[in-house]
Amino acid sequence: SPDEGWQVYTSAQAPDGKCLCTAVIPVQGTCSRDLRTHQLRRLVEKVQNISQSMEVLDLRTFRDLQYVRNTESLMRGLDSRLKVAAESQRSLNAKSFQELKEKMAELLPLLPVLEQYKADTRLIVHLKEEVRNLSGSLLAIQEEMGAYDYEELQQRVLTLEARLHACMQKLGRMRAKTGNPITIRASGSRFGSWMTDTMTPSADSRVWYMDGYYKGRRVLEFRTLNDFVTGQNFVQHLLPHPWAGTGHVVFNGSLYYNKYQSNIAVKYHFRSRSVLVQRSLAGAGYNNTFPYSWGGFSDIDFMVDENGLWAVYTTNQNAGNIVVSRLDPQTLEVLRSWDTGYPKRSAGESFMICGTLYVTNSHLAGAKIYFAYYTNTSSYEYTDIPFHNQYSHISMLDYNPRERVLYTWNNGHQVIYNVTLFHVIKTSGEL
């Protein structure tokens, strides 16, 4: 029903009487779950680890407490003997001294127990800090998702997924439709990139700005989109290695970019202002070997969609055709690669949505989204989706799954496009 996010996109009747209908289904259910689900899963794992640590701590504490109670009478007896000796102000005879030594020997095993208590105290402080961090993360996610009862929300998701699964049997491939361009700002040179983080709460509206397509090292971080529009309230990050191209992306607090004059992927963490990891993409072309049609050292293009981090590039081995690789965002290791069969030099730009690579046929006016490669089925199709290129020269095009918009650098203009995802419903085995 419409209140669940379903919409009729087009409806018509074929000459033979069949109904031809295109429906826009709820975006959240159109592909794999949102990146925030993965974040929640990690939090649940942390809670489970903390629970296990607490159980071990509880068992050990109970055991040690029993031992302390058992030695309590020994400690009282020893204390009493020492007090008597002190009050009588007489020296201990050999027998009494030997008895005290024996009592002390019985208490010696208590020392490692007390040392363990000290270690457990440090562990408790660590666990308290972990719980505090988890509480903050869960609160932020709750504010992002809304105040839903989890069990009710989970049941609604399972019900909707079951209905979607049944419906998807009748659906064709997913299609993307872009809206009219919205110009946010005109600044910088003809080439560059700008973006927001693809995996932060909506309250975090920082914008990153990188002017130029090679040898650059200066990244500007604006506090809000409004600050970016006005050019105010920003801080500067100076990268340790210069970048190549414009295919950069900010994902979960880090910038992923191609190191100049190499096929090395770099992960730069903004908060610590340091490179966390860098890794070579084996065989990937660089230095304008396999760029997009506009050139600009655009050999390696990083992207993020609902499924995670991707790299789009090509190699000599696959004859210059576009390769799509899914990357581990922590290590930058290639998890899996697909050869799309589409020549990269014939592509204007490209972007990923729900595991599908969309490719434009030009970076100039009159461009269309001409090709789509589906990683879930390792198949492709040629498309004819209009794409309004308002300023006639696109040098950066990236999808943000959090906002579901395309970010574009178009001839010195920073532009966004709203994206609509839809499926074509089949009737009687036909589209």
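Predicted model: local features only at pLDDT ≥ 70, side-chain atom pairs only at ≥ 80, totals over all residues.
Me: What makes Arg 223 exposed?

Reply: The relative accessible area of Arg 223 is 52%, and because exposed means over 50%, the residue is placed in that class.

Me: Why is the contact between Arg 223 and Asp 227 called a salt bridge?

Reply: The term requires a side-chain nitrogen of Lys or Arg within 4 Å of a carboxyl oxygen of Asp or Glu. For Arg 223 and Asp 227 the N to O distance is 3.1 Å, so the pair meets the rule. By this rule the count comes to five salt bridges.

Me: Which residues are linked in a network of salt bridges?

Reply: The network links Asp 204, Arg 206 and Glu 221. Asp 204 and Arg 206 meet at 2.9 Å, N to O, while Arg 206 and Glu 221 meet at 3.4 Å, N to O. Arg 206 lies in the loop between S5 and S6 and Glu 221 in strand S7, so this pair ties together parts that are 15 residues apart in sequence. Strands are DSSP runs (E, at least two residues), numbered from the N terminus.

Me: Arg 206 or Glu 221: which of them is buried and which is partly exposed?

Reply: Glu 221 counts as buried, with 13% relative accessibility, whereas Arg 206, with a relative accessible area of 26%, is partly exposed.

Me: How do you know that S6 pairs with S5 and with S7?

Reply: Two strands pair if DSSP finds at least two bridges between them. Four bridges join strand S5 (residues 192–195) to S6 in an antiparallel arrangement, with Met 195 opposite Trp 208 in S6. S6 and strand S7 (residues 218–222) are also antiparallel, over three bridges, and Val 207 has Phe 222 in S7 as its bridge partner. The hairpin of S6 and S7 has six residues between the strands, and Gly 212 takes a positive phi near 95° there.

Me: What makes strand S6 mostly covered?

Reply: Four of the five residues of S6 (residues 207–211) are buried.

Definitions and conventions:
Residues numbered from 1 in each chain as written. Heavy atoms only, no water. Buried < 20%, exposed > 50% of the residue type's maximum accessible area, 1.4 Å probe, protein only.
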